[in-house]
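Trainee: Before we discuss any labels, could we look at the model together and ask what each term rests on?

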Amino acid sequence: MKTIRLTTAQALIKFLNQQYVEFDGEEEKFVKGIFTIFGHGNVLGLGQALEEDPGDMEVYQGRNEQGMAHAAVAFAKQKHRKQIMACTSSVGPGAANMVTAAATASANNIPVLLLPGDTFATRQPDPVLQQIEHTHDLTLTTNDAFRAVSKYWDRVNRPEQLMTAMINAMRVLTDPADTGAVTIALPQDVQGEVYDFPEYFFKKRVHRIERRVPTESDLRDAVELIKGKKKPIILCGGGVRYSEAADSLKRFAKKFNIPYGETQAGKSAIESFHAYNLGGIGVTGNLAANLIAKEADLVIGVGTRYSDFTTASKQLFQNPEVDFLTINVSEYHANKLDAVKIVADAKLALTALELELEKIAYRSGYTREIESAKDAWKAELNRLHQVRYKDERFKPEVAGHLDEVLPEFVETYHSCLTQTEVIGQINKLIDEDAIIIGAAGSLPGDLQRMWESRRPNTYHMEYGYSCMGYEISGALGVKLAEPDKEVYAMVGDGSYLMLHSELVTSIQEGKKVNVLLFDNASFGCINNLQMENGMGSFGTEFRYRNPETGQLDGGLIKMDFAQSAAGYGVKTYKASTLEELRAAIEDAKKQTVSTLIDIKVLPKTMTGGYESWWHVGIAAVSDNPKVREAYQNKEIHLKKARKY
Ligand SMILES: Cc1ncc(C[n+]2csc(CCOP(=O)(O)OP(=O)(O)O)c2C)c(N)n1
Ligand SMILES: O=C1C[C@@H](O)[C@H](O)[C@@H](O)C1=O
Ligand SMILES: [Mg+2]
């Protein structure tokens with residue numbers, strides 16, 4: 001047996017360079033590069049290996065471990081899971097910083113390879129700097145926190161363990177049904193230990209991403225169900241994008257006259273203007289999709305996890321005759337809602353089902369309903385684009401909460417911009433093939449409802465974990481995946497403050513990202529949520545502590561975000577009128593460096609809900625009558641929802 005003498009870390013990098021995926025006959029190198037933040041826990045092991053021979057892997061320098069790992073997640077998501085990035089951190093806090101991003105990856109089923117440094121396997125120096133000592137269990141380290149958020153977890157305590165660890169890592173990273181974060185913890189001593197690895201460990205490996213074929217019996221059951229249904233609706237989930245099934249879905253919808261709503265992950269699989277595309281569905285859905293969903297007698301979920309936002313907490317589908325048919329590569333997701341299931345690849349399943357339905361000349365019973373629901377939404381969208389603040393009598397979309405705050409905001413920020421008019425302008429002005437990125441706050445709701453995707457795959461929303469701080473890191477990852485397109489991070493002031501460090505990495509790499517920052521001086525959507533449910537405004541506006549009351553109810557904190565980003569070398573703009581916004585967007589397009597537009601938008605001017613409900617925990621007893629009322633309302637809604 002031929003062997004190659006390498007350290008564990010050198011062997012790991014050599015192995016990663018030999019991994020390829022094949023999808024529909026096309027072969028591509030799987031690991032594009034590696035994000036690094038070095039510390040004592042990885043610099044002399046993995047760092048040394050990368051310095052000596054990174055192979056084809058690009059080595060990036062991150063700013064914050066969560067940020068760089070989110071960039072890696074966004075990269076893989078935009079690549080439809082066909083190519084990934086790895087991330088290496090030091091031991092302890094560096095590793096802990098990646099835990100959130102691991103969770104984001106796993107919640108969204110997006111592959112990412114995390115390589116945190118770990119405490120010494122030999123335990124000789126213990127406790128090493130940054131080691132937590134558990135007196136009941138010396139094997140526990142910070143890295144055990146990844147177990148709860150990873151789809152595969154391993155620790156390489158001896159160099160030879162690397163081989164089975166990495167073979168299993170690749171199995172999970174390339175599994176369309178159950179991919180997510182893969183964490184391989186690497187004790188810092190083991191990274192540098194030497195071993196005679198067999199040459200065959202480093203052979204070129206091509207991992208075929210198989211399209212699972214639907215079975216005849218699954219198809220038979222599905223046809224049996226569909227043929228008795230008059231008003232089906234399709235849910236277009238993220239699986240449609242990952243399976244590249246958009247054309248099949250378009251054809252299917254048209255041939256059988258079946259409309260579809262888009263989930264956050266599925267949005268922009270198909271352009272918004274396709275005749276059967278109703279747009280966003282669910283809690284953050286629009287009027288058209290939610291009206292049709294209410295009446296539907298069959299829900300055909302394609303590549304969706306049926307999250308509570310997608311199903312409006314299982315209360316959206318109110319037709320007493322409604323049944324579910326699910327097409328999913330994952331048996332687990334296909335089993336939900338007592339659905340009739342086709343456990344298969346979305347593209348193959350839709351194509352096979354099309355042939356079967358043609359045989360029975362199936363066509364839904366819709367006549368004018370699809371068009372009139374779309375027309376109703378079009379009129380409403382038009383109205384949202386025109387919402388203007390004129391004077392103090394203005395009633396925002398989310399009215400009756402903080403109406404009196406709006407004049408104070410206007411006075412402080414000298415801006416009357418509303419969030420819905422700003423979104424309308426941006427949608428009109430940016431390039432058709434530009435990609436928008438979002439994750440948390442009120443923007444994902446507004447965008448799922450209002451954003452019109454003019455080209456496929458231009459809407460990139462992380463809403464499986466809805467992690468604040470993903471937006472800017474994600475924009476960097478998307479830019480690395482699609483360097484020729486403009487990318488726009490759509491971010492609230494709260495999310496920006498939480499994490500925007502990778503903006504500096506974008507400058508360092510010469511990878512231009514554009515930040516559209518919506519400053520409403522609050523954790524706006526949470527303020528809505530609390531006030532909609534009877535609470536006052538508590539801990540969610542950005543106000544100074546008031547010496548008179550001792551509470552956070554002083555004046556608004558005025559922040560100059562443009563100035564903060566300018567300090568990094570970002571080209572910045574301020575917008576408090578539509579003219580300034582338009583000029584900034586046009587000028588930003590001409591820049592080669594990253595840009596940021598600091599847009600002051602009135603609080604409460606995001607969209608409200610359309611025909612939907614979200615199940616949130618509400619206090620069952622309270623001295624506040626409004627909270628008691630909210631609790632009663634919740635109980636009423638809950639009665640109309642499916643139990644599971
Ligand atoms: C990491 C993380 N922490 C907390 C939350 C809970 N959360 C969701 S939205 C939000 C406020 C977002 O504020 P901002 O970004 O300003 O957006 P806005 O709602 O004002 O549009 C919070 C705290 C979250 N989603 N992610
Ligand atoms: O708690 C939340 C409420 C949602 O409205 C928001 O978009 C999301 O980020 C969140 O975490
Ligand atoms: Mg905000």
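Trainee: Which residues does the UniProt annotation "domain: Thiamine pyrophosphate enzyme TPP-binding" cover?

Mentor: The unreviewed UniProt entry places that annotation on residues 440-599, and such annotations may be inferred rather than shown by experiment. Over residues 440-599 the chain is 39% helix and 16% strand, where helices (H or I, at least four residues) and strands (E, at least two) are DSSP runs, numbered from the N terminus. This is a predicted model, in which local features need pLDDT of at least 70 and side-chain atom pairs count only at pLDDT 80 or more. Residues are numbered from 1 along each chain as its sequence is written.

Trainee: Why is Phe38 called partly exposed?

Mentor: Buried means under 20% relative accessible area and exposed over 50%, with partly exposed in between (1.4 Å probe, protein chains only); Phe38 has 38% relative accessibility, and therefore counts as partly exposed. Phe38 lies in the loop between β4 (31-36) and α2 (43-52).

Trainee: How do you know that the span of α23 agrees with its number of residues?

Mentor: The expected span is 1.5 Å times one less than the number of residues, so the 13 residues of α23 (residues 578-590) should span 18 Å, and the end C-alpha atoms, 19 Å apart, agree with that.

Trainee: What makes the buried residues of α23 line one face?

Mentor: The buried residues are Leu578, Leu581, Ala584, Ile585 and Ala588. Seen down the axis of α23, they fall within an arc of 125° (taken from the directions from the helix axis to the C-beta atoms), so they line one face of the helix. The face turned away from that buried side carries the exposed residues Glu579 and Lys590.

Note on methods:
Chains are lettered from A and ligands numbered from 1 in the order in which they are written. Side-chain values use heavy atoms; hydrogens and water are left out.
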